[in-house]
Amino acid sequence: MIDVSELKAGQTIYLTGTIYTARDAAHGRLKALLDAGEKSPVDFEGKFIYYAGPTPERPGRPIGAIGPTTSSRMDSFISYMPSLKVAGMIGKGDRSDKVIEACKKYKMVYLLATGGAGALLARCVKSSKVVAFDDLGCEAIRELTVENFPVIVAYDTLGGNIFQRTK
Amino acid sequence: MREIGFKEISDVVSAAIGECCYHLGDYAKCNIKRALEKETNALAKEVLRQIDDNASAAEEDNTPICQDTGIAVVFAEIGRDVHLSCDLYEAVNAGVKEAYDKFYLRKSVADPLTRINTKDNTPAVVHITLNSGDKIRLKIAPKGAGSENMSKVAMLNPSDGKEGIKKFVVDTVKVAGGRPCPPLYIGVGIGGDLEKCCILAKEALLRSDLSVDPAIRELEREIKEELNKTNIGPMGLGGDTTCFDVFINTFPCHIASLPVAVNIQCHANRHIEVEI
């Protein structure tokens with residue numbers, strides 16, 4: 001989708017391609033599977049995980065409102081991201097230092113989507129299907145095809161951090 | 001005595017929740033537009049532009065404003081001359097259940113320990129008070145968790161005074177940073193006891209006007225000004241716009257206490273008041 005090592009904190013980019021939703025409950029399930037030595041039900045290699053749980057789609061529509069949720073709740077799962085070979089994560093808000101370090105060490109990026117812009121972001125989602133943990137409802141893992149999905153680079157692969165100035 | 005029944009209540013609750021999940025109130029829309037004009041930070045301006053466009057996108061596309069359509073919080077003021085021919089909690093919950101299905105809203109309520117979803121977004125959090133008259137006034141807010149999670153309560157010392165209160169509010173917002181989706185609305189409950197100050201703070205968030213008490217209004221303005229100097233900015237990315245409004249509700253407290261609750265609300269300030 002994109003060469004993440006070229007991204008710099010503070011840059012605005014537009015994603016086009018496949019991304020996967022996963023939030024609190026899906027991360028819990030993934031952790032349990034990986035801890036048990038099993039494989040992830042989804043191949044995340046080179047893809048972004050989007051911390052989001054949409055509203056139900058209306059008939060004939062690909063998705064409902066789909067803005068980001070607070071990323072720091074998923075910080076405790078960061079050590080699982082390199083083994084899933086994700087390109088990075090999309091969410092909102094700052095995160096712990098171990099996420100900044102992991103981004104640097106494993107060449108991942110953390111991107112921000114605008115929180116509370118779920119209706120606007122839905123316009124960038126062209127198709128959507130549940131690919132794992134269907135029973136989790138809005139917390140299931142969905143494969144999204146997005147077009148020009150606007151994000152801001154928060155943590156880059158060199159340790160750059162957009163939130164630095166407020167700390 | 002005026003008789004009010006199950007369906008009257010559930011219908012009103014359902015329609016009210018649908019309305020506020022899709023249509024941002026004029027007051028909240030104006031705040032966004034005003035901030036967009038005044039904001040000097042370029043990235044903050046871009047975020048505010050998206051937030052502004054989002055309100056129109058929600059209406060044009062019939063998509064909820066935000067995917068977190070909240071847990072339903074209902075303040076019910078019941079007139080003493082009303083005779084309820086039903087269980088109020090059941091009627092409110094029936095309205096919630098209907099709304100979250102009918103309007104394609106996300107069901108975000110789960111058991112706190114098993115985390116098993118209740119699958120209909122019930123139960124609502126209901127606060128009941130009595131007043132005069134023969135009507136029921138309902139103040140309803142689908143409250144999102146991103147902002148709720150960053151809220152705090154403190155049992156301050158009476159000697160901490162106004163400065164202590166201001167510091168607690170500002171520190172709470174600073175710790176929250178970009179997580180609760182700023183620009184924010186801050187509900188502050190001062191006084192009462194532990195639970196009373198939290199309820200005061202939540203109810204303060206359902207206001208759209210500053211306090212009628214001049215001293216309180218001044219404090220609301222002072223705290224807002226402090227917050228807008230923090231450079232937290234929209235989504236925590238820096239800028240002049242961190243807080244749209246501070247609303248303070250007070251209640252007398254014990255001579256040894258100064259309870260203060262800070263309830264945070266994101267820029268998608270969804271609340272509505274209806275009368276039956």
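Select Pro123(B). This residue sits in the loop between helix 4 (88–102) and strand 4 (125–131) of chain B. Look at the bond leading into it. The peptide bond from Thr122(B) to Pro123(B) is cis, with omega near 0 degrees. Most peptide bonds are trans. Keep in mind that you are looking at a predicted model. For chain B, the mean pLDDT is 97, and 100% of the residues reach 70 or more. For the complex, the predictor gives an ipTM of 0.93 and a pTM of 0.94.

**Stop 1: another proline**

Now select Pro182(B) and Pro183(B). The peptide bond that joins them is cis, with omega near 5 degrees. Where is Pro183(B) found? Pro183(B) lies in the loop between helix 6 and strand 7 (184–192) of chain B.

**Stop 2: helix 1 and helix 4**

On helix 1 of chain B, the contact residues include Phe6(B), Ile9(B), Val13(B) and Ile17(B). On helix 4 of chain B, they include Leu88(B), Ala91(B), Val92(B) and Ala99(B). Color the contact residues by class. They divide into 11 nonpolar, four polar and three charged. Among the residues of this contact are Asp11(B) on helix 1 of chain B and Glu98(B) and Lys102(B) on helix 4 of chain B.

**Stop 3: helix 2 and helix 3**

Next, select helix 2 (residues 26–38) of chain B and helix 3 (residues 42–61) of chain B. How are they arranged? They pack at an angle of about 150 degrees, with their axes 9 Å apart. That angle makes helix 2 of chain B roughly antiparallel to helix 3 of chain B. Helix 2 of chain B passes helix 3 of chain B in a left-handed crossing.

Pick out the partners. Helix 2 of chain B brings Lys29(B), Ile32(B), Lys33(B), Ala35(B) and Leu36(B). Helix 3 of chain B answers with Lys45(B), Leu48(B), Arg49(B), Ile51(B), Asp52(B) and Ala55(B). By class, this contact has six nonpolar, no polar and five charged residues.

**Stop 4: where chain B touches chain A**

In all, 36 residues of chain B are in contact with 33 residues of chain A. Which helix gives the most to the side of chain B that touches chain A? Helix 3 of chain B does, with eight residues. Color this side of chain B by class. Its residues divide into 15 nonpolar, 15 polar and six charged.

**Stop 5**

Select Lys107(A). This residue is in the loop between helix 3 (97–106) and strand 4 (109–112) of chain A. Phi of Lys107(A) is near 55 degrees, a positive value in a residue other than glycine. Most residues other than glycine have a negative phi.

**Stop 5: the two domains of chain B**

Return to chain B and color it by domain. The assignment gives domain 1 (2–20 + 65–143) and domain 2 (146–269). The C-alpha centres of the two domains of chain B lie 25 Å apart. Nine residues of domain 1 of chain B are in contact with eight residues of domain 2 of chain B.

Look at the domain 1 side of this contact. Strand 2 (71–79) and strand 5 (136–143) of chain B each supply at least two residues to it. Strand 5 of chain B gives the largest share, three residues. By class, this side has five nonpolar, one polar and three charged residues.

**Stop 6: helix 6 and helix 8**

Select helix 6 (residues 161–176) and helix 8 (residues 214–227) of chain B. Their axes come within 10 Å and cross at roughly 40 degrees. That makes helix 6 of chain B oblique to helix 8 of chain B. The crossing is right-handed.

Show the contact. Helix 6 of chain B supplies Lys162(B), Lys166(B), Val169(B), Val170(B) and Val173(B). Helix 8 of chain B supplies Leu219(B), Glu222(B), Ile223(B), Glu226(B) and Leu227(B). These residues divide into six nonpolar, no polar and four charged.

Conventions: Residues are numbered from 1 along each chain as its sequence is written. Chains are lettered from A and ligands numbered from 1 in the order in which they are written. This is a predicted model: local features need pLDDT of at least 70, side-chain atom pairs count only at pLDDT 80 or more; totals for chains, interfaces and linings use all residues. pLDDT is the predictor's confidence in each residue, from 0 to 100. Domain bounds come from an automatic or database domain assignment. Two residues are in contact if their C-beta atoms, placed from the backbone, lie within 7 Å. Helices (H or I, at least four residues) and strands (E, at least two) are DSSP runs, numbered from the N terminus. Ala, Val, Leu, Ile, Met, Phe, Trp, Tyr, Cys and Pro count as nonpolar, Asp, Glu, Lys and Arg as charged, and the others, Gly among them, as polar. Axes are lines fitted to C-alpha atoms, for helices over the stretch in contact, and angles run from 0 to 180 degrees between N-to-C directions. Angles under 35 degrees count as roughly parallel, over 145 as roughly antiparallel, 65 to 115 as roughly perpendicular and the rest as oblique. A crossing is left-handed if the near helix is turned anticlockwise from the far one by less than a right angle, and right-handed if clockwise.
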